[in-house]
Amino acid sequence: MEEKIELIDRYFENALSPKERLEFNDLLQNDESFRKEFLFHKDLKKAISKHQNEELKETLGKFESNLNRNSRFSVIPVKWLAAASLAILLSVGSWTVKNYVFPSNERIFETYYEPYPNTVLPIVRGDEIHTIEYRAFLAYEAGEYHKAINLFNSVENSEDKYIPFYQALCMLSVDKTEEAIQMLLPLTESSPGTLQNMDCRQKATWYVGLAYLKQGKEQEAMYYMDILRKQNQELRFKKNEAEEIYELLK
Amino acid sequence: MSEKKLKHIIDQLKKGDQKTLEKIYLENREGFINFSRKYNIEEQDAVDIYQDAIIVLRENAVNGKMDALQSNISTYLFAIGKYKIYHNFRIRSREDLKDDVDLLQENVDFDVNLDEDVLTNEQKVLQKCFEELGERCKSILKLFYYQGYNLDEIQDILEYSNKKVLKSQKSRCIRQLKDLVQKYGGKN
C-alpha cells in the first residue's frame, strides 16, 4: 500500500511521470482499495478548501465590521456636525470621565496586553544555526505569529513548557483566543521552576486572565487577576497591573 | 501594475498573507459596490457577492490559475464579481459583461466554489474531522492539499530534518483523520 500512497502523493504534487500516470490510471480502474484511498484524498482536498474558504469568509466579515466601525462618523452631514459640536462640547467631559472610569473589556485588554518578550532563545543576526525553534522565535519576534505557530508546532521536544507558552501568545495575538486559553490553562497549574529562566505559572495566569477579558468573561478574568494580586512578595509578576484590572472589573 | 509587482501580489495571496488580502479588499470594495448599484443590487447583497469574489480570487491564486494573468488584480477581481452578478441575478442581456466573461474563461476555475454548498456528506464529515486535528497535522495537510506545496517544499517550510519524518507524520495525520471519520460513523 505504501507504494500506492506514494503514487497518490505524486498525483497531488502534479509530478507523475507518463509511466506512473499509466500505472495510476490502471490502478484507479482495477484496484478497488486504491480507488477508495484516492477518493479519500480527493475528498480531503475539497474539505480543506471549504474549510479555508469559510475561514476566509469570517476574516472578510471582520474587515467589514472594522470598516463600519471606522466610518460611522464620516457619513454624518456637515451641518449636523456643526449643530452637534455644541452638544459634544457639553457632554465630552462626562463621556471622557465615564470612559476612563469604566473602560470596555476590549480596551483594558488593549492597554495591558503585550506579547511576552523572548527570554528563551536570544536571536543573533547572522547566526548560522537555524533550528526550528530558532526560526519560531525569529518569527515570534518579528510579529509573524501565524508562521510562528506553525513552527512551534514542529518543534520536536515540545514537552518544554515555554513552547506552548509562546505558542499561546501567538494565538492570542491573532485572535485565536479560545485556543490560547486552552493552551495556557494547563500551564497555570504546572509545577514551578520547570521553565527555562522563568516560572511560567504566574505568566500563564496573567495571559489567561487577559484572554478571558478579551472574550468578555469578566468573572474568569477576575479569578485569575485575583490570584496574581494576592501573590506573595517574592513572586510579584504583574502584581500591580492585576490589582488595577481587578479594581476595574469589580 | 508591473509584472513583477503583480507576481509578488499573487505570491502573497498564495501564502495566505492577510495584509495583502485586506489591502485588495479595501481598495476595491467601494468601486464594486458602486458598480453593483447599476444593477439595482442592494449594498448588503453587493458586499456578499464581493466577498465571494475575493474568495474565488484567493483560491485561484492558490491553484496557480492566475500565474499567467496579464491584467491587474482589480480588473481580475471585478471580472469575477461581475460574473457572479451575472450568474446570481441571471442578467443575460447585458453586453458589458461579455468581455469580462471572456477574460475569465482562461484564467479562472469557477468549479470549486461557484456553487456554495457542493460538499458531499463524506466531504462534510471530513471537513469536520479535519477541524478537530491538531495544529501540526492541519498545517501539513493544508500545505499539501490546499496550497499545493510538494513534500520537499513542506519539509523546507516546516523545517523537518528529513522527508521520511515528514512523510510518516503526514501518514499519521491521515490515519488520525480516518479514525475520526470512523468515529463519526462515516464509511471510510
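Author: Helices here are DSSP runs of H or I with at least four residues, strands are runs of E with at least two, and both are numbered from the N terminus. The model is predicted. On that basis chain B has nine helices and zero strands. Read from the N terminus, its elements go α-α-α-α-α-α-α-α-α.

Confidence next. The mean pLDDT of chain B is 84, with 82% of its residues at 70 or more. Residues 110-115 of chain B fall below 50, and this stretch has eight contacts in the model beyond near neighbours in sequence. For the model, ipTM is 0.85 and pTM is 0.56.

Now the packing. Chain B has 188 residues, and 28% of them count as buried. Take its contacts between residues at least 6 apart in sequence: 66% of these join residues at least 24 apart.

The largest nonpolar core has 44 residues, and Ala53(B) and Ile80(B) touch the most other members. α3(B) gives the most to this core, with nine residues. Leave out residues up to four places away in sequence, and Ala53(B) touches Leu77(B), Ile80(B), Gly81(B) and Lys84(B). Another core, of 38 residues, lies apart from it; among its members are Phe109(A), Ala136(A), Leu151(A) and Tyr166(A). In soluble globular proteins, nonpolar side chains tend to be buried together.

Then the contact between the chains. It takes 32 residues from chain B and 29 residues from chain A. On the side of chain B that touches chain A, α2 (18-37), α3 (43-62), α6 (121-132) and α7 (135-146) of chain B each supply at least two residues. α7(B) gives the largest share of that side, eight residues. By type, that side of chain B holds 15 nonpolar, eight polar and nine charged residues.

Helix α8 of chain A covers residues 162-173. Its twelve residues should span 16 Å at 1.5 Å a residue, and its end C-alpha atoms are 17 Å apart, so the two agree. α8(A) is mostly covered, with ten of its twelve residues buried. Among the buried residues are Tyr162(A), Phe165(A), Tyr166(A), Leu169(A) and Met171(A). The cover over the buried residues of α8(A) includes α6 (132-141), α7 (145-153), α9 (177-188) and α10 (200-214) of chain A. Just after α8(A), Asp175(A) has a positive phi of about 70°.

Methods
Residues are numbered from 1 along each chain as its sequence is written. Chains are lettered from A and ligands numbered from 1 in the order in which they are written. This is a predicted model: local features need pLDDT of at least 70, side-chain atom pairs count only at pLDDT 80 or more; totals for chains, interfaces and linings use all residues. Two residues are in contact if their C-beta atoms, placed from the backbone, lie within 7 Å. Ala, Val, Leu, Ile, Met, Phe, Trp, Tyr, Cys and Pro count as nonpolar, Asp, Glu, Lys and Arg as charged, and the others, Gly among them, as polar. A residue is buried if 20 or more other C-beta atoms lie within 10 Å of its own, exposed if 12 or fewer, and partly exposed in between; C-beta atoms are placed from the backbone. A nonpolar core is a set of buried Ala, Val, Leu, Ile, Met, Phe, Trp, Tyr and Cys residues joined through C-beta atoms within 7 Å. pLDDT is the predictor's confidence in each residue, from 0 to 100. The expected span of a helix is 1.5 Å times one less than its number of residues.
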